[in-house]
Amino acid sequence: MTESSHENVPGRQRKRFPGISSRAYEHPADRSALVALRKLSGFDTVFKALSGLLPERSLRLLFLSDSVRVGDEQFAHLNAMLRDACYILDLEKVPAMYVTQDPRPNAMCIGLDEPIIVVTTGLVELLDEEEMRAVVGHEVGHALSGHSVYRTILLFLTNLALKIAWIPLGNMAIMAIVTALREWFRKSELSADRAGLVVGQDLQASMRGLMKIAGGNHLHEMNVDAFLKQAEEYEEGGDLRDSVLKILNVLPRSHPFTTVRAAELKKWAESRDYQRIMDGHYPRRSEDKDTSVSGSFRESASHYADTVRTSKDPLMKLVGDIAGGAGDLGGRLRGKFTGGGASGGSSSGGSDSGSNGSG
């Protein structure tokens, strides 16, 4: 992309990352899945064949005919943000972007051959300029990672499942795939949140945007620290019954819960990984072809092991206890499900922490 194509783009004081690979900001679980798919022989051929079944052309025509295309003459401020985000992440081709009438705040990046970004009027009206910049960066991050392909497939399969719901086995098979894609997509949202921070380079704006998505345009009634404390309470609270309910609550969702996203983003913003990107030390796109699949899976496995070891969720703590060889499993299960301190169970927080450490 030439410098001349970015004249009069705002935010020139923000750092730019030439040749940055999406691996720089991708969540470990998201990254390992994408590296494996990119390395899979015949993957491109399969999806080109599948593209004939997917309603991509229909979606493009729908947005072209019934939404407003962002450009120099329409929603110029969004167009400037989009071009700036592509400049910062060094995305050579700027995706088409549309604003569609919908009071619900939402945004998405879809498309097989070329990604398109769609934002709702509810989102545009809800967020200020810096908050919106983080969202645009979030969607450009999806485009750079290639998430739009899988998002389009997820939309297609979800709609297909609704159409064949009367066929029990067929619907079950489709929903199994949809559930797996949703689990991956929730992780990809954490990746895109990181991309939004890399573009906006303003953690407070990212936090404000997430709070507004959760609680509306009432920032004077909200507090970042209190909002993050909700995420901590959500993770720590209850017994195993609550852990199971958390899983059931999140299964039908394409996005993680908002407080969880805020906590995850803040943790990453304070990490060495983010600081290294800001210092100009990040993986390059030119190195993607040499990326090891097994190395990515090891990194993903290590991340999950750390998550289990450090999590305060009752179910994750129990998994850590089992991995650490904790005794009296029956007593622990009874205590965890009832919230009580069964004999030899989890009445001591220090005992649980010790087991987690050894796990």
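Strand 2 (residues 96-100) and strand 4 run parallel and are joined by 5 bridges, where two strands are said to pair if DSSP finds at least two bridges between them. The strands (E, at least two residues) and the helices (H or I, at least four residues) are DSSP runs, numbered from the N terminus. This is a predicted model, in which local features need pLDDT of at least 70 and side-chain atom pairs count only at pLDDT 80 or more, while totals for chains, interfaces and linings use all residues. Residues are numbered from 1 along each chain as its sequence is written, and side-chain values use heavy atoms, with hydrogens and water left out.

**The chain as a whole**

- The secondary structure of the chain comes to 17 helices and 4 strands.
- Of the 359 residues in the chain, 45% are buried, a word that stands for under 20% relative accessible area, whereas exposed stands for over 50% and partly exposed for values in between (1.4 Å probe, protein chains only).
- Contact means heavy atoms within 4.5 Å, and among the contacts in the chain between residues at least 6 apart in sequence, 72% join residues at least 24 apart.
- The accessible surface of the chain comes to about 17,900 Å², and 56% of this surface belongs to carbon and sulfur atoms; such areas come from the Shrake-Rupley method with a 1.4 Å probe, and for residues only the protein chains shown count as cover.

**The sheet and its strands**

- The 4 strands form an open sheet in the order 1-2-4-3, with mixed pairing.
- Strand 1 (68-69) and strand 3 stand at the edges with a single partner strand each, so one side of each is left without a neighbour in the sheet.
- Strand 3 pairs with strand 4 (residues 116-120) in the antiparallel sense over 4 bridges; Ala107 has Val119 as its bridge partner, and Ile110 has Ile116.
- In the hairpin of strand 3 and strand 4, there are 5 residues between the strands, and Gly111 takes a positive phi near 125 degrees.

**Two faces of a strand**

- In a regular strand the side chains alternate between the two faces of the sheet.
- In strand 3 (residues 107-110), Ala107 and Cys109 point one way while Met108 and Ile110 point the other way, and all are buried.
- In strand 4, Ile116, Val118 and Thr120 lie on one side and Ile117 and Val119 on the other, and these residues are all buried, so that both faces are covered.

**Nonpolar cores**

- A nonpolar core is a set of buried Ala, Val, Leu, Ile, Met, Phe, Trp, Tyr and Cys residues joined through side-chain atoms within 4.5 Å.
- The largest nonpolar core has 47 residues, and those with the most contacts inside it are Leu78, Val119, Met132, Val140 and Ile277.
- Apart from this core lies another, of 6 residues, among them Phe63, Tyr98, Met108 and Val118.
- When neighbours within four places in sequence are left aside, the contacts of Val119 include Leu78, Met97, Thr100, Asn106, Val124 and Met132.

- Ala85 is found in helix 4 (residues 76-88), and Ala85 counts as buried because its relative accessibility is 1%.
- Leaving aside neighbours within four places in sequence, Ala85 is in contact with Val136, Gly137, Val140 and Val199.
- Ala85 and Ala134 are 49 residues apart in sequence, and their C-alpha atoms are 8.9 Å apart in space.
- Thr258 is found in helix 12 (residues 258-269), and Thr258 is buried, with a relative accessible area of 15%.
- Not counting residues up to four places away in sequence, Thr258 touches Leu210, Ala214 and Phe227.

**Charges over rings**

- A charge sits over a ring if NZ of Lys or CZ of Arg is within 6 Å of the ring centre and within 35 degrees of the ring normal.
- Arg16 lies over the face of Tyr87, at 4.4 Å from the ring centre, and Arg284 lies over the face of Tyr282, at 3.9 Å from the ring centre.
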